[in-house]
Amino acid sequence: FGLEFVDPLALLGVLLARGPSWVLLWAAAPALILVLALGRFFCGWLCPYLPILAASNAARWLLSRLGLRPADARLPRVTAPVVLVAVLVASALLGVQVLPLVYPPSILGREVFRLGFFGSLSLGAAVVAGAFLFDTFVSRAGFCRTLCPGGAMFALLGAASPVRVVRERPKCTDCTVCDVVCNLGQQPMTDRLDSG
């Protein structure tokens with residue numbers, strides 16, 4: 001219907017690099033409202049990095065079946081907000097968007113376009129490959145859990161969301177399966193969840 005949608009994080013990067021834009025604010029409003037209402041739904045349902053994360057988890061499973069145990073280092077949760085602030089400060093100081101260089105949804109969209117129209121990939125593909133290797137060999141879903149600036153912003157915005165994942169204690173059998181299978185390192189069985 002002629003509507004354009006903008007990621008709220010991309011909006012923030014543009015605002016800091018170039019100044020206010022009512023057109024971009026209007027385009028980001030639907031996604032912003034959905035994040036405020038539903039929490040981190042983007043990370044769990046819409047992020048284009050999810051198939052790559054699934055491939056990483058499959059590779060980790062295959063390696064464990066072969067007797068190789070990939071590391072699962074836990075970076076501090078404060079790392080993602082620090083990355084978010086660093087990217088936004090760099091955008092403001094340099095007057096250019098830094099976010100598209102490190103944010104998988106931006107990188108993947110650009111790389112798919114580039115591959116489809118030019119038949120080649122750019123350095124962004126190496127960033128995504130690096131995230132995949134990090135998730136596979138260093139920390140399960142480590143990029144999403146502790147490095148993604150979008151995840152950090154969506155977690156902050158999602159704190160205001162009325163929608164929550166809540167464990168129904170009477171129905172819980174304490175099997176820990178939900179903790180084991182959660183790609184983003186949440187611990188639903190012990191009610192340790194971040195926003196959304």
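The largest cavity has a volume of about 120 Å³, a volume being the space filled by probe spheres set on grid points that are joined across faces, edges and corners. A cavity is here a set of points, on a 1 Å grid over the protein atoms alone, where a 1.4 Å probe fits but cannot get out. The model is predicted: local features need pLDDT of at least 70, side-chain atom pairs count only at pLDDT 80 or more, and totals for chains, interfaces and linings use all residues. Residues are numbered from 1 along each chain as its sequence is written, and side-chain values use heavy atoms, with hydrogens and water left out.

**Overall architecture**

- The protein chain has ten helices and zero strands; helices (H or I, at least four residues) and strands (E, at least two) are DSSP runs, numbered from the N terminus.
- Of the 196 residues of the protein chain, 37% count as buried, where buried means under 20% relative accessible area, exposed over 50% and partly exposed in between (1.4 Å probe, protein chains only).
- Among contacts in the protein chain with a separation of 6 or more, 68% join residues 24 or more positions apart; a contact means heavy atoms within 4.5 Å.

**The cavity**

- One cavity of 30 Å³ or more is found in a search of the whole structure.
- The largest share of the lining, three residues, comes from α9.
- By class, twelve nonpolar, two polar and one charged residues make up the lining; Ala, Val, Leu, Ile, Met, Phe, Trp, Tyr, Cys and Pro count as nonpolar, Asp, Glu, Lys and Arg as charged, and the others, Gly among them, as polar.

**Cysteines**

- The count of disulfides is zero, a disulfide being a pair of cysteine sulfur atoms within 2.5 Å.
- Cys47 is in no disulfide, and the nearest cysteine sulfur, that of Cys144, is 6.0 Å away.
- Cys144 is likewise in no disulfide, with the sulfur of Cys47 as its nearest cysteine sulfur.
- Cys47 counts as buried because its relative accessibility is 12%, and Cys144 counts as buried at 14%.

**Nonpolar core**

- The largest nonpolar core has 26 residues, of which Leu9, Tyr49, Leu84, Tyr103 and Phe154 touch the most other members. Such a core is a set of buried Ala, Val, Leu, Ile, Met, Phe, Trp, Tyr and Cys residues joined through side-chain atoms within 4.5 Å.
- At least two residues of this core come from each of α3 (41–46), α5 (79–94), α6 (104–118), α7 (123–138), α8 (142–146) and α9 (149–158).
- Helix α5 gives the most to this core, with four residues.
- Apart from residues up to four places away in sequence, Leu84 touches Leu9, Pro149, Ala152, Met153 and Leu156.

**Helix α1**

- Pro8 lies in helix α1 (residues 8–18) and counts as buried at 6% relative accessibility.
- Neighbours within four places in sequence aside, Pro8 is in contact with Ala28, Ala31, Leu32, Met153 and Phe154.
- The C-alpha atoms of Pro8 and Val35 are separated by 9.1 Å, the two residues being 27 residues apart along the chain.
- Leu12 is also found in helix α1, but Leu12 is partly exposed, with a relative accessible area of 32%.
- With neighbours within four places in sequence left aside, the contacts of Leu12 are Leu88 and Met153.

**Loop residues**

- Ala141 is placed in the loop between α7 and α8, and Ala141 has a positive phi of about 55° although it is not a glycine.
- Ala141 counts as buried, at 0% relative accessibility.
- Gln97 is found in the loop between α5 and α6 and is partly exposed, with a relative accessible area of 33%.
- Beyond its neighbours within four places in sequence, Gln97 is in contact with Ala10, Gly13, Val14, Ala17 and Ser91.
- The C-alpha atoms of Gln97 and Val87, ten residues apart along the chain, lie 8.4 Å from each other.

How values were computed. 1 Å grid on protein atoms, 1.4 Å probe; cavity = no way out; pocket = protein on both sides within 12 Å on 5 of 7 lines; lining within 4 Å.
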